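Here is a short briefing for a first look at this structure. Start with the overall picture, then follow the topics one by one.

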Amino acid sequence: MKFSTYTPAVEPHVMNPPAVRVSGDVNAYGTSGEGYGKMAAVAAQRQDDLDAADVMKARNEVMTSLTQQIYGEQGLFTTGVGENAKGLIDRTTDAINKTYEDVSKNYNPRVRFALKGNLNENMANFQRIAASKEMAEGKKVEEATFASNLQTNAHQAALTWQVNGAPTMYVNQSDVLLAAQAQKEGWSGAQLAAERRKMVTNIAAAAAGAALENEDYDRADEILGRFRNEMDPDTYWKLARVS
């Protein structure tokens with residue numbers, strides 16, 4: 001079978017589309033293009049409104065989460081007491097950063113930028129409170145440790161009441177603790193003197209009291225005589241009457 005010859009209507013590999021003319025009518029797309037400007041402004045305003053709503057929504061998510069993490073039953077500020085307060089400011093900062101990242105990743109860059117500025121003061125407050133709490137709890141621990149060390153010296157003096165020079169040794173050890181605490185706290189001379197009298201009284205009373213319990217009145221009298229001028233007078237006379 002023989003196929004008839006096909007003659008193409010146009011030259012091969014050449015496209016000849018109809019000419020396209022841009023309208024010269026200024027009203028073709030709205031009066032002088034004003035319609036597009038108004039539409040763009042409306043669209044921009046709508047996007048601003050949506051972004052503002054998203055900022056508030058994201059802010060509520062962040063604040064709700066952080067409030068629970070910080071003040072909840074097992075929150076950072078609830079459990080951050082005593083020795084557990086160490087590093088509280090760092091843990092709080094980590095919680096803030098992680099919560100912001102977890103929430104903000106669901107929003108567009110404009111919302112994330114606005115959210116960070118919106119939260120700045122609240123986050124700074126959380127950090128200030130954490131720093132203050134960490135410092136206060138640390139001070140409580142230091143004071144408790146200081147008081148415990150003094151009490152331990154008094155207890156040891158009671159256990160070693162028979163050992164010559166033992167009460168004096170524990171007074172000297174406590175003097176070192178008092179000097180360090182006085183420097184740290186900025187005590188006045190009067191404050192240091194009052195604390196020292198209290199310390200000496202506790203140690204001497206503990207040692208003399210132990211001697212009295214064992215009916216060694218001479219030893220009790222010796223201890224009381226050694227510290228008489230440094231003790232609280234009422235405590236001294238209470239024990240001296242017995243000895």
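The protein chain exposes about 16400 Å², and carbon and sulfur atoms supply 55% of it. Accessible areas come from the Shrake-Rupley method with a 1.4 Å probe, and for residues only the protein chains shown count as cover. The model is predicted: local features need pLDDT of at least 70, side-chain atom pairs count only at pLDDT 80 or more, and totals for chains, interfaces and linings use all residues. Residues are numbered from 1 along each chain as its sequence is written, and side-chain values use heavy atoms, with hydrogens and water left out.

**Overall build**

- The protein chain has eight helices and zero strands. Helices (H or I, at least four residues) and strands (E, at least two) are DSSP runs, numbered from the N terminus.
- From the N terminus on, the order of elements is α-α-α-α-α-α-α-α.
- Of the 243 residues in the protein chain, 28% count as buried. Buried means under 20% relative accessible area, exposed means over 50%, and partly exposed lies in between (1.4 Å probe, protein chains only).
- Take the contacts in the protein chain with a separation of 6 or more: residues 24 or more positions apart account for 69% of them. Contact means heavy atoms within 4.5 Å.

**Nonpolar cores**

- In soluble globular proteins, nonpolar side chains tend to be buried together.
- A nonpolar core here is a set of buried Ala, Val, Leu, Ile, Met, Phe, Trp, Tyr and Cys residues joined through side-chain atoms within 4.5 Å.
- The largest nonpolar core has 27 residues, of which M199, I203, L224, F227 and M231 touch the most other members.
- At least two residues of this core come from each of α4 (109-159), α5 (166-185), α6 (189-213), α7 (217-227) and α8 (233-242).
- With 10 residues, α6 gives the most to this core.
- Another core lies apart from it, with 20 residues, among them V55, A58, Y100 and V111.

**Where α5 meets α7**

- Two packed helices are described by the angle between their axes and the distance between the axes.
- α5 and α7 pack at an angle of about 35°, with their axes 10 Å apart. Axes are lines fitted to C-alpha atoms, for helices over the stretch in contact, and angles run from 0 to 180 degrees between N-to-C directions.
- The crossing of α5 past α7 is right-handed. That term applies if the near helix is turned clockwise from the far one by less than a right angle, and left-handed if anticlockwise.
- On the α5 side, P167, T168 and V171 take part; they meet R219, I223, R226 and F227 in α7.
- By class, this contact has four nonpolar, one polar and two charged residues. Ala, Val, Leu, Ile, Met, Phe, Trp, Tyr, Cys and Pro count as nonpolar, Asp, Glu, Lys and Arg as charged, and the others, Gly among them, as polar.

**Buried residues to look at**

- L178 lies in helix α5 and is buried at 1% relative accessibility.
- Beyond its neighbours within four places in sequence, L178 is in contact with F146, L150, W187, L192, E195, R196 and M199.
- Y236 sits in helix α8 and is buried at 9% relative accessibility. Neighbours within four places aside, Y236 is in contact with L224, R228 and M231.
- Y236 and T201 are 35 residues apart along the chain, and their C-alpha atoms are separated by 7.9 Å.
- L224 touches A208, M231, Y236, L239, A240 and S243, not counting residues up to four places away in sequence.
- T99 is found in helix α3 (residues 88-104) and is buried, with a relative accessible area of 5%. Residues up to four places away aside, T99 touches V62, S65, L66 and Q69.

**Residues with more exposure**

- E215 is in the loop between α6 and α7 and counts as exposed at 59% relative accessibility.
- Most residues other than glycine have a negative phi. E215 has a positive phi of about 60° although it is not a glycine.
- K238, in helix α8, is exposed, with a relative accessible area of 62%.
- A114 lies in helix α4 and counts as partly exposed at 34% relative accessibility.
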